[in-house]
Amino acid sequence: MEKVVIIGGGYAGIYALRELAKNKNIQITLIDKHTFHNLQPEVYDLIANKSNIADVTIDLTTLCMGLNHDYVEYKNLKVRNIDKEAKKIYTEEQEIVTYDYLVMAAGTRTFFPPQIPGLNNAHDIKKLHWAMFFKQSFENQLFKKISDEAKQCDDTHIVVVGAGLSGVEIAAEMAYNSKMFFKRGNFSCDNLKISLISSSGTILPGLSQNLINISHQRLKSLGIKVITSTKLTKLEDGYAHLSNGTKIPHSFLIFTGGVEASKIEGLEDFDTNGRGQIKVNQYLQVPEHKNIFAIGDIAEIKNKDGELMPPNVTIARISGTNAGRNILNMIADRGLIQCKPKLDGILIALGGKYAAGDLMGLVNVKGRLAYEIKKYVFSSYRKPLLKLIRTGYSKLKKLS
Ligand SMILES: Cc1cc2nc3c(=O)[nH]c(=O)nc-3n(C[C@H](O)[C@H](O)[C@H](O)COP(=O)(O)OP(=O)(O)OC[C@H]3O[C@@H](n4cnc5c(N)ncnc54)[C@H](O)[C@@H]3O)c2cc1C
């Protein structure tokens, strides 16, 4: 029986898994270092207390159980090394997993530039435990402010470095959340200051001017100080030092300055780009190893015109499904299908029930409508996975 191993149970890995599971006569192993799939784009709701951990995670054991497949297994392991010649995967837990076909779907991690002293102490919200820590730190900051209010009411600064999608969304959500908090409790000490630092001349570089303008306006109305064309140079003694010669005191700093591909030994000889993403052919295979596919954020994926696709959920899902289908085709000796990913648009959450978006490059939306569309899009991603875990959960309960 052919053995397919997927490393990474994120959006890309799960969509590959769902496709592969259509063949009931292959053995599929899903490996992830976490026990859950983290619904990363929904983490803002967690931070803003609109949801809890159960709403932003999908249990991988239950999900695999829900697939109605006798040979699907999930292993909670951290992959350390891959021996491509022997087709073996070595893990931190000393377990060795063999494969005939391999799907690399290990995503990315936040890149902390080593040349910025002190940055290793910064927060990053890509990992769920950091998001939880951040949520608690933020709430503690708010609590500290109201506790100090009768004594002193010093400014509290939060610095967000990086004004791409993540930086803008987190800054907006925090500003909105704190505004509501102070208003609800009628607290007088409401001088929480948020600065958003962008090294480029604008926020949201690469997006349409219209989206940039709407987002900028919204950030301004939420009281966020946007500092562009400025780099973080060092973090020292509670100050963020900037390339424009100024320094900002901060209670905490969130770094969203960029990502790099997750590191796994044995992949060094793969052709990668500057972010460490694996270059793949139009079928999503690693050219030198046709039995290895790379999908989602860990791969450099291009559309049919050769344009680079940004790492996001839509591309992760499309590439996952495509790679799964191609492996089934290889097993059945059928021809491979080219991956032709297409983005339907972009939607940015800008705090509370406000968002802005550009749909298919044709329609611009903003405000509550854009927020509702974004919610709908993400619930449509979650829906099929929820169905699987419901099935899996009732199976597990019957077994216990
Ligand atoms: C805060 C935040 C907000 C976002 N908002 C949006 C948004 O609004 N819209 C959008 O489209 N995208 C958004 N994104 C991006 C989106 O989440 C990613 O593009 C998407 O998750 C990529 O899916 P993936 O499967 O490639 O990787 P991931 O979802 O990162 O999954 C990778 C998996 O691999 C596992 N893994 C990694 N290394 C190993 C190892 N060595 N061994 C075993 N397992 C391993 C990880 O545990 C993880 O489960 C956001 C991201 C963040 C962090």
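This is a predicted model: local features need pLDDT of at least 70, side-chain atom pairs count only at pLDDT 80 or more; totals for chains, interfaces and linings use all residues.
Which exposed residues does the face of α6 turned away from its buried side carry? Good morning, and thanks for coming.

Let me start with the overall layout. The protein is divided into two parts: domain 1, made of 3-33 + 77-110 + 259-342, and domain 2, covering 119-255. Their C-alpha centres are 35 Å apart.

Now, where does the ligand lie? Both domain 1 and domain 2 give residues to the shell around the ligand, so it lies between them. There are 32 residues around the ligand, and those that come nearest are Gly8, Gly10, Gly107, Gly296 and Asn312. As for secondary structure, α1 (11-20), β2 (27-32) and α7 (313-331) are the elements that give two or more residues to that shell. Sorted by class, the shell has 14 nonpolar residues, 13 polar ones and five charged ones.

Back to α6, then, as promised. This helix runs over residues 209-221, so to speak a 13-residue helix, and it reaches 18 Å from its first C-alpha to its last, close to the 18 Å expected at 1.5 Å a residue. Its buried residues are Leu211, Ile214, Ser215, Arg218 and Leu219. Looking down the axis of α6, you find those buried residues within an arc of 130°, so they line one face of the helix. And here is the reply to my opening: the face turned away from that buried side carries Gln209, Asn210 and Lys220, which are exposed.

What covers the buried residues of α6? The cover includes α5 (165-185) and the strands β12 (192-197), β13 (225-227), β23 (345-349), β24 (355-359) and β25 (363-367). After α6 comes Gly223, with a positive phi near 85°.

α5 has 21 residues and reaches 30 Å between its first and last C-alpha, close to the 30 Å expected at 1.5 Å a residue. Just after α5, Asn186 also has its phi on the positive side, at about 50°.

Last stop: Val43, which lies in helix α2 (residues 43-47). Is Val43 buried or exposed? Val43 is buried, because 26 other C-beta atoms lie within 10 Å. Setting aside neighbours within four places in sequence, Val43 is in contact with Val56, Ile125 and Ala131. Take Ile125 as one of these: Val43 and Ile125 are 82 residues apart in sequence, and their C-alpha atoms are 8.2 Å apart in space.

That's my tour, and I'm happy to take questions.

Methods: Residues are numbered from 1 along each chain as its sequence is written. Domain bounds come from an automatic or database domain assignment. A residue is near a molecule or strand if its C-beta atom, placed from the backbone, lies within 6 Å of it. Helices (H or I, at least four residues) and strands (E, at least two) are DSSP runs, numbered from the N terminus. Ala, Val, Leu, Ile, Met, Phe, Trp, Tyr, Cys and Pro count as nonpolar, Asp, Glu, Lys and Arg as charged, and the others, Gly among them, as polar. The expected span of a helix is 1.5 Å times one less than its number of residues. A residue is buried if 20 or more other C-beta atoms lie within 10 Å of its own, exposed if 12 or fewer, and partly exposed in between; C-beta atoms are placed from the backbone. The arc is that of the directions from the helix axis to the C-beta atoms. Two residues are in contact if their C-beta atoms, placed from the backbone, lie within 7 Å.
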